[in-house]
Each structure stands twice: as C-alpha cells, then as structure tokens.
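Q: Could you take me on a close look at one helix and the packing around it? I am new to reading structures, so please go step by step.

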Amino acid sequence: MFCISFLIGIYYNVIVAWSFYYLFASFTTELPWTHCNNEWNTQACAKFDGRNCTLFGGLLNSTGACIFQNETSSEDWDVLRNFAKAAKMPADEYFHHNVLTISNDIQEVGGIQWKLALCLLFAWILVFLALVKGVKSFGKVVYFTALFPYLILLVLLARAVTLPGYMDGVLFYLIPRWERLTEAKVWGDAAMQIFFALSPCWGGLITLASYNKFHNNCFRDSLIIATGNVLTAFFAGFVIFGIMGFMAHELGKPVDTVATEGAGLAFIAYPEAVSRLPFAPFWSILFFVMLLTLGLGTQFTVLETVVTTIVDSWPDKFRGRNHKWVVLGTSCVMFLMGLSMCSRNGMYILQLVDNHAATFSSLIVGFCEIMVLSWVYGADRFLNDIRFMLSKYPTTYGLWFFMWKFVTPIVIICLLIFCIIDFKPSSYGGVIFPPYINGIGWVISVLPVIFIPGIAALKIYHSEGSFWQRILKLKRPSEEWGPAPRKRKVLDEPKHVDSRIPLALHLMEDS
C-alpha cells in the first residue's frame with residue numbers, strides 16, 4: 001500500500017499542478033482557449049463554429065464556408081471529411097501545445113516546462129503545509145476540501161440546467177445501453193472507478209482510521225463512506241453530462257462524440273464548454289477551484305499514508321519533532337520525481353504510470369487482503385474484533401461473513417480476468433508506446449505486489465523450525481494482536497489513543 005500510494009502521489013500532484021495552471025489562466029477577461037489566434041495554435045484549430053453547417057449535413061472548408069456533398073466531387077468531399085476529423089478545438093490545442101507543449105512521442109524528451117514546474121512546486125508546498133503538523137492540521141484542512149466541492153457542484157448545476165442541450169446530456173447519462181454490459185471493459189472500468197474513488201488497498205483508509213477512538217463506530221463509517229461515494233458520483237453526473245449536452249448542442253454533434261474521460265474531460269471538453277458561456281472566466285474559476293479541492297484532498301491522504309508508514313517503521317527516529325522532516329523529505333523526493341512529468345513527454349509518462357500504478361496491483365493486493373482476512377485470520381474472528389469495538393456484532397452478521405469469504409474474492413478474480421482480457425498497450429493521443437516502455441509499465445504494476453511474497457519469504461527465513469512449522473506459526477495471529485485484555489473486559493469505557501503508530505504497538509505499550 002505504501003508503494004501504491006507513493007507512485008500515485010507522484011503523478012497525482014502533477015494533475016493538481018495543471019489545475020493550478022488553468023485556475024491562474026482563468027483570471028482574465030477572456031479565456032485564452034476561446035479562439036485560434038494564439039501563437040500556439042496550428043492550422044488544425046477549428047476557427048469557425050460549424051454547428052449550423054453540420055446540423056444540415058454539411059462540412060466547413062478552410063475558409064469557413066459550408067459545403068454540401070452534392071455541391072462538390074467525391075474526392076473533394078473526402079478531403080473535407082479528413083479536414084473535419086483532423087480539426088482540433090481551441091481548448092485541445094491550448095492544453096497540448098501551450099500547457100504541455102507535448103512532444104511527438106514518449107521517447108522525445110524535451111525540456112522541463114518551467115511554468116508547470118512552478119505550479120507543481122506550489123502544489124507540493126500547499127500539501128506540505130497541510131501535513132507538517134500531522135493529523136491536527138490535516139484534519140482541519142480536510143473539512144474544507146471535502147465539503148466545499150459540494151457547494152460548487154450545486155452552483156454549477158443551477159447554471160447547467162438553464163443551458164440548451166442540458167436534457168440531452170442528462171438523458172444520455174441516465175438511459176442505459178444494455179448491450180454494453182456484455183463487454184469486459186465496462187466491468188473493468190467500473191471496478192477501477194470504485195477502487196480509485198474509495199481508494200481501498202492504497203493504505204489511506206487504514207491510515208486515517210488509525211486516528212479514531214478505539215470504540216468509534218467503524219461499521220457506520222464504512223457504510224456512510226461507500227454510500228456517499230456512489231451518491232456523490234451520481235449527483236456529479238448531472239452536472240458533467242449536462243454541460244456535455246450543452247457542448248453537443250453548440251457543436252451540433254451527438255453527446256457521445258463529445259463525452260470523454262480523464263484529462264480530456266477536465267482539461268479539454270469542460271474548458272471548451274465553459275468558454276462558450278456568458279461570463280466564462282467566472283465559471284472556469286469555479287470549476288478549477290472545485291477540481292483543486294478534490295485533488296488536494298486526495299493528495300493529502302496519499303502523502304499522509306506514505307509519511308505514516310515511514311514514521312511507524314522507525315518510531316524512535318521520526319516520531320515527535322522529526323515528523324516534519326519526514327514530511328519535508330518525502331515531499332521533496334516526490335516533487336523531484338514528478339518533474340519528469342513536467343517535460344515535453346511528461347504526459348506520456350503520466351499516462352503510463354496512471355495505467356499501471358493502481359490497476360492490477362490494487363486488485364491483487366485487495367484479493368490477498370480479503371483472503372488473509374477471511375480464510376487465514378478468519379472472518380468470524382474479525383467480526384468478533386468489530387464486536388469488541390462496537391459492543392455488538394454488525395447488522396446482518398451472516399451477510400458479511402458470506403460476502404467476505406466467498407462473494408468478494410470471486411468478484412475480484414472476475415475483475416482481474418476482465419482487465420487482462422481487455423488489456424491494451426499504453427498509448428496517448430494515438431501514439432502507441434514501444435514494447436520496452438510497456439515493459440516498464442508492467443514493472444510498475446508488479447512492484448507493489450512483489451512486497452507481499454517478498455516480506456513473506458523474509459519472515460519465513462527468520463523464523464524457527466521446519467519449513468512447514470514456520471508456515472503454521474506465521475499464519476496464526478500473534479498474541480499481541482487484537483484489543484488489549486483490559487479493553488475486552490471494559491467495553492463500556494472507551495479510551496482514546498491518538499494513533500500515530502500501528503495498533504499492535506499500542507497493544508504492546510498497554511501490556
């Protein structure tokens with residue numbers, strides 16, 4: 001989990017840096033991606049609004065004239081169609097040619113883009129300041145980063161419902177395409193979305209939960225987080241797809257041709273749509289402030305996981321006054337590694353890491369975790385531990401027992417199979433990465449997983465007895481693990497322990 005969070009934290013703050021770049025650029029009377037008269041624009045930039053032409057089946061030529069198929073030869077019509085396919089929106093060229101100044105492929109390095117590097121430095125300074133005092137400062141900041149996006153989403157929704165084409169986008173969002181359920185990619189993408197949104201197997205949930213009181217209602221919190229995540233995504237869809245419906249209306253195209261994902265949605269499609277609104281800079285500022293609060297909230301948790309792992313591994317050296325130096329050192333190392341993604345080929349590097357850092361590895365770690373929890377440690381023993389914390393078993397005891405032991409492992413295996421079936425070599429913008437680059441990607445995928453058998457082998461090596469005796473000994477829970485004896489007896493007297501160290505170490509201190 002430390003390794004996964006470390007890899008994600010490197011590139012995730014680069015995306016936060018892009019958001020800062022766009023936010024700073026939005027403080028102007030006219031957004032810089034609204035036209036094609038900038039130095040970074042090319043001949044492919046769509047200089048004219050072709051909505052009125054395309055609605056009637058025509059195509060624009062290079063001068064902006066609307067040409068219909070019966071008015072020209074088949075050869076000239078093919079030229080017009082190719083010209084239309086190659087056309088780029090101003091927001092697209094702004095992102096790729098101005099913000100990224102992207103190179104032709106991943107092997108063409110280029111220099112560091114100093115504006116992006118400064119934005120990345122600024123992002124890391126904010127993250128450092130939020131975490132430098134530990135969970136006390138972090139907890140206060142998270143209240144803002146977690147709640148403020150809801151306010152902005154409500155404002156954006158209120159504006160979106162007044163736009164032409166809003167209902168087209170919402171209907172595209174709500175009406176299922178049942179035939180897509182037979183595609184492995186759909187299920188794999190859905191699983192990755194849940195894994196990315198909830199961040200299981202990244203260590204963040206465990207890290208933050210360790211600061212709770214011993215008798216905190218973890219069962220209730222788990223239900224609230226899982227349900228709130230789904231409802232938030234569902235609500236946000238009305239805003240995003242409503243704006244995409246407006247975009248499709250403006251361009252005279254079907255919604256599915258303008259709907260996109262990832263960087264294309266946040267830094268191309270949405271800015272392009274916003275640029276067509278009255279008072280465009282205001283709506284752009286709102287959107288990127290929301291994006292920043294969401295991004296920084298996630299980045300805080302990712303870095304806290306990395307820092308907590310280091311501090312807990314060497315508590316005598318790093319706890320207390322030296323905690324801030326761990327935060328500073330970790331931030332500096334991750335910033336320096338992130339600079340590679342501020343180069344001209346940085347987008348390709350980011351795409352490679354994004355494709356591999358938290359996909360297969362998260363699923364494999366999740367499978368190992370649920371198997372150890374349910375079959376080695378024991379689902380019944382784990383439910384007993386929850387009873388010690390809550391003074392009662394969770395509701396529907398049998399359901400959780402059955403889900404953990406059978407349903408969840410099978411589901412994760414199926415998702416892994418879907419991801420393998422649907423796997424395609426990494427690419428970006430039509431540029432397919434060479435085999436050795438994809439090999440590096442697989443190294444990134446395997447690296448976090450290697451720690452599981454690696455640490456197991458290390459434990460077996462340092463244990464005593466025959467090989468099988470070592471296995472039997474190591475697969476049993478240690479005597480120090482679990483609620484301390486006095487907490488087992490006095491369940492109605494909760495004692496708060498500000499956990500900056502793992503539960504096992506607390507128990508040893510209590511003993």
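A: Let's begin with a term we will need: a residue counts as buried when its relative accessible area is under 20%, as exposed when that value is over 50%, and as partly exposed in between. Please also keep in mind that this is a predicted model.

Now find helix α5, which runs over residues 114–131 and so has 18 residues. From its first C-alpha to its last, helix α5 reaches 26 Å, close to the 26 Å expected at 1.5 Å a residue. Which residues of α5 are buried? They are L116, A117, C119, L120, A123, W124, V127, F128, A130 and L131. The cover over these buried residues includes several other helices: α1 (2–25), α4 (90–99), α6 (135–160), α13 (280–313) and α15 (323–338).

One of those covering helices, α1, leads us to the core. The largest nonpolar core has 116 residues, and W18, F95 and Y270 are the ones with the most contacts inside it. Helix α1 gives the most to this core, with 17 residues. Take W18 and set aside its neighbours within four places in sequence: W18 is then in contact with F95, L100, L116, A263, F267, M347 and L350.

W400 counts as partly exposed, at 24% relative accessibility. Are the two partners buried or exposed? F382 is partly exposed, with a relative accessible area of 27%, while W404 is buried at 17%.

R387 lies over the face of F388, at 5.0 Å from the ring centre. The charged end of R387 sits over the ring of Y393 as well, 5.4 Å from its centre.

Let's finish with a database note. The unreviewed UniProt entry carries a "binding site" annotation that covers N229 and L294. These positions span 66 residues in sequence, yet no two of their C-alpha atoms are more than 12.7 Å apart, so they gather at one spot. N229 has its place in helix α10 (residues 218–251). With a relative accessible area of 17%, N229 is buried, and, not counting residues up to four places away in sequence, N229 touches I194, A197 and L198. L294 lies in helix α13, which is one of the helices covering the buried residues of α5. L294 is partly exposed, with a relative accessible area of 43%.

Definitions and conventions
Residues are numbered from 1 along each chain as its sequence is written. This is a predicted model: local features need pLDDT of at least 70, side-chain atom pairs count only at pLDDT 80 or more; totals for chains, interfaces and linings use all residues. Side-chain values use heavy atoms; hydrogens and water are left out. Helices (H or I, at least four residues) and strands (E, at least two) are DSSP runs, numbered from the N terminus. The expected span of a helix is 1.5 Å times one less than its number of residues. Buried means under 20% relative accessible area, exposed over 50%, partly exposed in between (1.4 Å probe, protein chains only). Contact means heavy atoms within 4.5 Å. UniProt positions are given in the numbering used here, feature names are shortened, and annotations may be inferred rather than shown by experiment. A charge sits over a ring if NZ of Lys or CZ of Arg is within 6 Å of the ring centre and within 35 degrees of the ring normal. A nonpolar core is a set of buried Ala, Val, Leu, Ile, Met, Phe, Trp, Tyr and Cys residues joined through side-chain atoms within 4.5 Å.
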